[in-house]
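Good morning, and thank you for coming.

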Amino acid sequence: MLIMTIKDVEQVQTAFSEAGLDYDVELTNGRISIVGPSDIVSSEVGILFSRLLANWVYPRRLGRVFDSAGGFILPDSNLTAPDVSFVRAARLRQSPRYFGELVPDLVVEIKSQSDRIKPLVTKILNLITLGAVMGILIDPDEETVTVYRHQGEPTILNNGDILTLPELFPGWELAVSELWPPIFTEEETQG
C-alpha cells in the first residue's frame, strides 16, 4: 500500500481547487481521507459553538478559534481538521499562512448524519494522546455534549446542563440547549 504524505495532500487539494471542488482532506497513517460537505444541522451546530466560543476568546485575547477548514499537521505526521478547534495565544502568537504545525488545545467533533460515533471518539482520544488538553463530541441526534480529558471518564452533558471548560476558559459557560438550531415560529417568519 502506498504511503501518502502532506505533499500528496497539497497536490490533492490543488487538484480539487482547480476543478472547483470544495472538499476537506485529512491524512491519517499514510491514508488520505476526503470529507465532503456536512449536513446543515451539523454545520449550524458548528457555527453556533464557534461563535459562542469566539465571542469569549477574542475579547480576552486567549487564543484562536478555527473551523473545519483549519488543518493541523500533528507530531505523528498526520493532518487533521477538527470541526472546531482552539489554540492558546501562547502557543500560536500568529497564524501561519499554512497548516498549523501543532496539536490544538481543544478539539471539537460534531456528529453529522452519516458519521459513526466510534471513529469520532477515536479521533478525539488520539488528539488528546498527542497533546490536546481536551476534546468534545457534540451529537445533535441525541442532543448531547461529551467532554473528554486526559484523566477520568468522559462527562456527558444534556439539555439543561452547562458546559464549562475551566482548564482553558475560566468563567466561560455555555448552556447545552444553546447549541441546537432554533425552530422558528410562524409569527417569526412573517414579514
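Let me begin with a term: two residues are in contact when they have heavy atoms within 4.5 Å of each other. This is a predicted model, in which local features need pLDDT of at least 70 and side-chain atom pairs count only at pLDDT 80 or more, while totals for chains, interfaces and linings use all residues. Residues are numbered from 1 along each chain as its sequence is written, and side-chain values use heavy atoms, with hydrogens and water left out.

Helices (H or I, at least four residues) and strands (E, at least two) are DSSP runs, numbered from the N terminus. A residue is buried under 20% relative accessible area, exposed over 50%, and partly exposed in between (1.4 Å probe, protein chains only).

How far apart are the end C-alpha atoms of helix α2? They are 30 Å apart, which agrees with the 30 Å that its 21 residues, 40-60, should span at 1.5 Å a residue. The expected span is 1.5 Å times one less than the number of residues in the helix.

Most residues other than glycine have a negative phi. Arg 61 has a positive phi of about 55° although it is not a glycine. With a relative accessible area of 71%, Arg 61 is exposed. Glu 143, in the loop between β8 and β9 (144-149), also has a positive phi of about 55° without being a glycine. Glu 143 counts as partly exposed because its relative accessibility is 32%.

Next, consider Gly 70, which is found in the loop between β3 and β4 (72-73). Is Gly 70 buried or exposed? Its relative accessibility is 17%, so Gly 70 counts as buried. Leaving aside neighbours within four places in sequence, Gly 70 is in contact with Thr 80, Ala 81 and Pro 82. The C-alpha atoms of Gly 70 and Val 84, 14 residues apart along the chain, are separated by 8.4 Å.

I now come to the charged side chains. Side chains of opposite charge can pair when their charged atoms come close. A salt bridge here is a side-chain nitrogen of Lys or Arg within 4 Å of a carboxyl oxygen of Asp or Glu. How many salt bridges does a search of the whole structure find? It finds five.

In one of them, Glu 109 pairs with Lys 123, with the closest N and O atoms 3.0 Å apart. Glu 109 lies in strand β7 and Lys 123 in helix α3 (residues 117-130), so the pair ties together parts that are 14 residues apart in sequence. Both Glu 109 and Lys 123 are buried.

Lys 111 and Asp 141 also meet in a salt bridge, at 2.9 Å from N to O. This pair links distant parts of the chain, 30 residues apart: Lys 111 is in the loop between β7 and α3, and Asp 141 in the loop between β8 and β9. Lys 111 counts as buried because its relative accessibility is 11%, whereas Asp 141, at 53%, counts as exposed.

The salt bridge between Arg 149 and Glu 167 has its closest N and O atoms 2.4 Å apart. Since Arg 149 lies in strand β9 and Glu 167 in the loop between β11 and β12, the pair ties together parts that are 18 residues apart in sequence. Arg 149 is partly exposed at 25% relative accessibility, and Glu 167 is partly exposed at 43%. Finally, Arg 88, Arg 91 and Asp 105 are linked in a network of salt bridges.

That concludes my presentation; thank you for your attention.
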